[in-house]
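Dear colleague,

Please find the structure below, together with the notes I promised to send along with it.

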Amino acid sequence: KPMSRKPRIRSGGGATMHDVARAAGVSAITVSRALNQPQQVSPQLREKVMQAVDALAYVPSRSARTLASARSRTVLVLIPSLDNTVFLDTLAGIESVLDAAGYQMLIGNSHYSAEQELLLLRAYLQHQPDGVLLTGLTHAAPFEDILRRRALPAVYMMDLADDGRCCVGFSQEAAGAAITRHLLERGKRRIGFLGAQLDERVMKRLDGYRAALDAAGLRDAGLEWLDPSPSSMRMGADMLDAALAARPDCDALFCCNDDLAIGALARCQQLGIAVPQRLALAGFNDLQPSAWCTPALTTVATPRREIGSHAARQLLRMIDGDEPDALQTDLGFQLMLRRSS
C-alpha cells in the first residue's frame, strides 16, 4: 500500500512564500532574504516584499504547530519603553492574568517609534500570537490593516476611543484638565506646562491643561515648554531653569510626568525657591518617589497595573471567541494632592 503524503502545512493566511514572490515580482530566495536577512536586500526591495507579505497575510511557518487552527498560547505585548516604571507596572498586571491562563508574553519595545512598532508586529507574527495588546491609539497606517487581515484580536491600553476598538485606560485629557484646575483653585494664575517625549498621551494631557486654562480665561502660550527628548529628572531641573529665566512671573508648573517634576523640585531646593508658596509643582503618574519628596509631590495616580490585568482579561475573552465585556473600559485616575501644591 503506497504511503500517503503528509499534507503541506501552510502559514496562517494560507499563502506560501512562492505566492509572496509572485505578488512582489521577485524570486522566493529574495523573499526569504528580505524576511530573514534584511540587510542583504535593498530597502526598496524589502518594502516591496513586505507589501506583498501584508497583502497576502503571509506568515513564515516556524513549525508544524503553526496550523491556522492551532493556538500558540502566546500574546504579543507592544510597549514604548522598558525603562519607564509605568509600562513595567502594566506588564506586571498583564503577566498576572496571562500566567494564570497558561499564556506566555512576547514583549516588543517600540522606543516610541511607530515604524519600529510595525517592524516588531511583522517580526512577531512569525510566532503566531493569538492576540495583541497595544499601547495608545495611534499606530502606523498598515498596522490596523494587518490586524484586520489576520483577524487578530487586539486591545488598546492607556487611552480611550469610541471607534469600535476595544480600549482599557482613562482619559488623558480629563486628567490633565483636573490637575490644572486644582492649581487654579490654589490661587495660581500663571501656570506653566513642562512636556517631554511628546508622545500622544503627553499631548493629550497638554490639551487638557489648555482646555482648563481656556475655561478660566488664563491660557498663555508663552508658558509652555516642550521637548521631544526622553524624559529625565535632569531635564526637569533644566526645564525649570529655562522656564523661570523666560517667565519669572510663572507661579505654578504642571509637569507631564513625575520624573520632570522631581527634577524641577530638586532644582527649586537648590535655588531656595519656596514650594508651593512661590512656585507650586505637580507631576503625573504617582511614581513611588513622589510621596517621599520634600515637600511631597502633588500628582495624578494612574491605574497602570489594573489597565494591564483588565486588558489581558478582555483579550483572552476575544481569543476564546467571546465579545469583550465592554469596548471602552474607563478605569479613571486619582488626584494625589500633597504639599508641593
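Helices (H or I, at least four residues) and strands (E, at least two) are DSSP runs, numbered from the N terminus. This is a predicted model, in which local features need pLDDT of at least 70 and side-chain atom pairs count only at pLDDT 80 or more, while totals for chains, interfaces and linings use all residues. Residues are numbered from 1 along each chain as its sequence is written, and side-chain values use heavy atoms, with hydrogens and water left out.

Of the 341 residues, 51% are buried, where buried means under 20% relative accessible area, exposed means over 50%, and partly exposed is in between (1.4 Å probe, protein chains only). The accessible surface comes to about 15900 Å², and carbon and sulfur atoms account for 50% of that surface; the areas come from the Shrake-Rupley method with a 1.4 Å probe, and for residues only the protein chains shown count as cover. Taking contact to mean heavy atoms within 4.5 Å, 71% of the contacts between residues at least 6 apart in sequence join residues at least 24 apart.

The interior comes next. A nonpolar core is a set of buried Ala, Val, Leu, Ile, Met, Phe, Trp, Tyr and Cys residues joined through side-chain atoms within 4.5 Å. The largest such core has 65 residues, and Leu133 and Leu281 are those with the most contacts inside it. Apart from it lies another core, of 20 residues, which includes Leu125, Val132, Leu147 and Tyr156. Once neighbours within four places in sequence are set aside, the contacts of Leu133 include Val75, Ile94, Met157 and Leu315.

On charges, Lys and Arg count as positive and Asp and Glu as negative, with His and the chain ends not counted. The chain carries 38 positive and 37 negative side chains, and the centres of the two sets lie 7 Å apart, the place of a charge being taken as NZ of Lys, CZ of Arg, CG of Asp or CD of Glu. A salt bridge is a side-chain nitrogen of Lys or Arg within 4 Å of a carboxyl oxygen of Asp or Glu, and by this rule there are 18 salt bridges.

One of them joins Asp89 and Arg304, whose closest N and O atoms are 3.0 Å apart. Because Asp89 lies in helix 4 (residues 85-100) and Arg304 in helix 11 (residues 304-319), this pair ties together parts that are 215 residues apart in sequence. Asp89 is partly exposed at 25% relative accessibility, whereas Arg304 is buried at 10%. Another salt bridge is formed by Arg165 and Glu144, at 3.3 Å from N to O; Arg165 lies in the loop between strand 4 (154-157) and strand 5 (166-169) and Glu144 in helix 6 (residues 141-149), so parts that are 21 residues apart in sequence are tied together. Arg190, Asp220, Arg247 and Asp249 are linked in a network of salt bridges.

Finally, some points of backbone geometry. Most residues other than glycine have a negative phi, and most peptide bonds are trans. The peptide bond joining Val275 and Pro276 is cis, with omega about 15°, and Pro276 lies in the loop between helix 10 and strand 9 (280-282). A cis bond also runs from Thr294 to Pro295, with omega near -10°. His111, which is not a glycine, has a positive phi near 55°; His111 sits in the loop between strand 2 (104-109) and helix 5 (114-124) and is exposed, with a relative accessible area of 56%. Ala151 likewise has a positive phi, of about 50°, and is exposed at 65% relative accessible area.

With best wishes
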